[in-house]
Amino acid sequence: FLLFYKNNLMQNNQSYIDGKWINGSGNSFQNINPSDTQDIIGEYQECNSDEFDLAVQAAKKAQIEWANIGIEKKSTILIKIGDELINRSKELGELLCREEGKTLPEGIGEVARAGQQFQYYGAECLRMAGEKIPSTRPGFQVEITREPIGVIGIISPWNFPIAIPAWKAAPALMCGNAVILKPASLTPASAIALTEIIAKQDIPSGLFNLVIGSGSGIGNSIATHEDIPAISFTGSVDVGKTLYANAAPQLKKMQMEMGSKNPLIVLDDANLSTAISCAANGAFGGTGQKCTASSRLIVQEGIYQKFIEGLVEHIKNIKVGHALDEGSQMGPVSNQAQYESNLEYVEIGKKEAKLIHGGNPMNMRTPGYFMEPTLFIDGQNQSRINQEEMFGPIACVIPCKDLEHGLEIANDTQFGLSSGVITTSLAKAEHFKKNIKTGVATVNLPTAGLDYHVPFGGRKASSFGLREQGTYAKEFYTQIKTSYINAGSI
């Protein structure tokens, strides 16, 4: 079984700099399958500072050439990248699942979503419109245009190892920029697969560079290098703050998606089946390792007991298994550090609320980071498990009196990314959307799950800077120029 995947999925373990695959000269590390820790996907070598600088200089040169290439060619290239990702979504989805641990349907879906991002921005290449408006001064004309920034540093996380690099790189390239991508060290294989597809296209050497390395090494170099004027980052709040502090002296343009503690409010008038399905999907889908996961389930008193009973029965039927096994509904935790952190939060939670299901490691047919989906009830919003981002398959049910009380609890957090309400009342749904302090709000849907053509981002500590995705992405990846023309002198 494992030999099949090792022999049939690409095993390139190099960085890609200035149009060439190179073995880095820095430290080496192993990529381990969380579904089977005996399965080593590959050994990877980090870039050193000289190799990183070579990537930046190559990107600077390539960006100038790319910015002058016509929009039709740019469009064709991006669409071809998207087409190949979609056509190979099963193959690459298997690779993604093997290194990250999400189930096969989720992995295939993620690769397909990455392809849709490139297809979308390929089409948007043809719609990079500016404005021409009259001046307040007679005889003058005013033109407002968008221009590329230059070299974009992209720092991506391990939980969506191909989708997030895609939704950052595609608009960056659409807008005429060059890219330096630093993937998470835990999941380099998916980023390498994406790079291999991009590298086959008719693009200038150095336009897209993949640099493998640590956050403290390569990540810090991206933050401090004078020839990288903008950074798009997805990761934790603490890392984001450090990155911002290191980049601040050069006044870099920053876009950061960070932590979350997303609430799902379930009201008395909710359809119980919908509420249970949305709660389970949001809390345990992707092993809870999503920035949009709902770990705070805020339930009105009238439906509280029925909701808990129904949710527990639903959780009991979640099939935890090897990511590539048919029928697996929840894979392993993605790495040992996260696994140990999750189990530590279970122990913390036992002192703060009532553990009603799960919380234990699981022994499976292969050694891996498997744990039971875990549910606490009767929680207090100020407890650690309801204020700190756990990033695992752990949720807590918190009682509320009514919608206003639920909103008060939901907004009482340092984060503000995603949220949801389950109700059959249009008036309550509208009141929720107006008063919830998050960047994303859902009604009768899970808090996790989003379209690729609309803006994504949060408030407070969840996000910093301009929105990602959709047409809003160009606000970050371009800079505005206002030109004045004295038409009477021409």
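Me: Does Cys 125 count as buried or exposed?

Reply: The model is predicted, so that local features need pLDDT of at least 70 and side-chain atom pairs pLDDT 80 or more, whereas totals for chains, interfaces and linings use all residues. Residues are numbered from 1 along each chain as its sequence is written, and side-chain values use heavy atoms, without hydrogens or water. Buried means under 20% relative accessible area, exposed over 50%, and partly exposed in between (1.4 Å probe, protein chains only). At 1% relative accessibility, Cys 125 counts as buried.

Me: How many disulfides does the structure hold?

Reply: A disulfide is a pair of cysteine sulfur atoms within 2.5 Å. The sulfur of Cys 125 is too far for a bond, because the closest cysteine sulfur, in Cys 175, lies 8.0 Å away. For Cys 97, the closest cysteine sulfur is in Cys 291 at 18 Å, also too far for a bond. The number of disulfides in the structure is 0.

Me: What is the relative accessible area of Cys 97?

Reply: Cys 97 falls in the buried class. Its relative accessible area is 0%.

Me: Which helix supplies the largest share of the lining of the largest pocket?

Reply: The lining of the largest pocket comprises 41 residues, with Trp 158, Phe 233, Gly 235, Ser 236 and Val 239 nearest the pocket centre. Helix H8 (215-224), strand E10 (230-234), helix H9 (237-247) and helix H12 (336-350) each supply at least two lining residues. The largest share, 6 residues, comes from H9.

Me: Which helix supplies the largest share of the lining of the second largest pocket?

Reply: This pocket is lined by 25 residues, and those nearest its centre are Arg 113, Phe 160, Lys 290, Gly 449 and Leu 450. Helices H5 (104-124) and H6 (163-174) each supply at least two residues of the lining. The largest share, 4 residues, comes from H5.

Terms used. On a 1 Å grid over the protein atoms alone, a cavity is a set of points where a 1.4 Å probe fits but cannot get out, and a pocket is an open set with protein on both sides within 12 Å along at least five of seven lines; lining residues have an atom within 4 Å of a point.
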